[in-house]
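Thanks for sending this one over. Below are a few friendly points to read alongside the model.

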Amino acid sequence: MSTAKKEYKRVTVKSLVDMKKHGEKISMLTAYDYSMAKIVDSANVDVILVGDSASNVMAGHETTLPITLDQMIYHAASVIRAIERALVVVDLPFGSYQSDSKEALRSAIRIMKESGGHAVKLEGGEEIKESVKKILKAGIPVMGHLGLTPQSIYKFGTYTVRAKEEEEAEKLIEDAKLLERLGCFAIVLEKIPAALTKKVSESISIPTIGIGGGKHADGQVLVIHDLLGMTHEFNPRFLRRYMNLYEEMGNAISQYVTDVKSQDFPNDEEQY
């Protein structure tokens, strides 16, 4: 049963566990630069994810795979300079943690030292447990990520819903329990059946954050460019667009071009 909402001046990993315990849903959005992070943080979003989705929405790549550790640190440092309240979680990019737990620790330490981020996020379960253990042992908070894991897209071959079959669903549940036992403070569940999200969320004491996982997750995350309608080709069922900035920004820029061409801008009041 939920209780009165508590005000958090600064959100921490402990805050998120408390939110789950008291039935308060967790809000999470991506941000990749200072100006956007300032707006997101001032709107009282609980968690800002500096996601490797920057590879798609900021750099125009087809997948999240090309973004580098240096680039993730750059984006994370830009976000950190803007925030006053939110917990900032930074994705470890593809290739920086999967094959070598020592490399994983070095990557996580670089993110924490060079960007000032508060936590890191890794994709996977059993297969990355040594990396998770080593990072946690160093005192760095870790958020897990199960279900559709975009860094493994070439293994899956498609962005379709994951864990619809019993075997994969059972593995996901076991992976979630493993990540909790290791010490992760939360887990993102991406594009899995809502019934499975409910089962996972009830099976562990740490929060689940859904993206395409339905209403039973302990929180929700979206890519800010998708929420604001800055992207327009991407139309999954789980996405709710709160604005259509693609059209509005296009119209504003077109009007600017018209005003410049017609010599309407700048006018007498807009010059020195």
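1. Let me start with Ser78, which is found in helix 4 (helices are DSSP runs of H or I with at least four residues, strands are E runs with at least two, and both are numbered from the N terminus). Ser78 counts as buried because its relative accessibility is 8% (buried means under 20% relative accessible area, exposed over 50%, partly exposed in between, with a 1.4 Å probe and protein chains only). Not counting residues up to four places away in sequence, Ser78 touches Tyr32, Asp33 and Tyr34, where contact means heavy atoms within 4.5 Å. Ala31 lies 47 residues from Ser78 along the chain, and their C-alpha atoms are separated by 9.4 Å.

2. A word on how to read these values. This is a predicted model, with local features needing pLDDT of at least 70 and side-chain atom pairs counted only at pLDDT 80 or more, while totals for chains, interfaces and linings use all residues. Residues are numbered from 1 along each chain as its sequence is written, and side-chain values use heavy atoms, leaving out hydrogens and water.

3. Which residues have the most contacts inside the largest nonpolar core? They are Val120, Leu122 and Ile135, in a core of 57 residues (a nonpolar core is a set of buried Ala, Val, Leu, Ile, Met, Phe, Trp, Tyr and Cys residues joined through side-chain atoms within 4.5 Å). Helix 4 (residues 69-80) gives the most to this core, with six residues. A second, separate core has 18 residues, including Val11, Met19, Ile26 and Ile211.

4. Leu122 deserves a look of its own. Leaving aside neighbours within four places in sequence, its contacts include Leu92, Tyr97, Ile128, Val132, Ile135 and Met143.

5. Now for a helix pair. Helix 6 (residues 129-137) and helix 8 (residues 166-182) pack at an angle of about 25°, with their axes 10 Å apart (axes are lines fitted to C-alpha atoms, for helices over the stretch in contact, and angles run from 0 to 180 degrees between N-to-C directions). The contact is made by Lys129, Val132, Lys133 and Leu136 of helix 6 with Leu178, Leu179 and Leu182 of helix 8.

6. Finally, Asp218 sits in the loop between strand 7 (208-211) and strand 8 (219-222). Is Asp218 buried or exposed? Asp218 is buried, with a relative accessible area of 13%. Beyond neighbours within four places in sequence, Asp218 is in contact with residues including Lys20, Glu24, Lys25 and Ile26.
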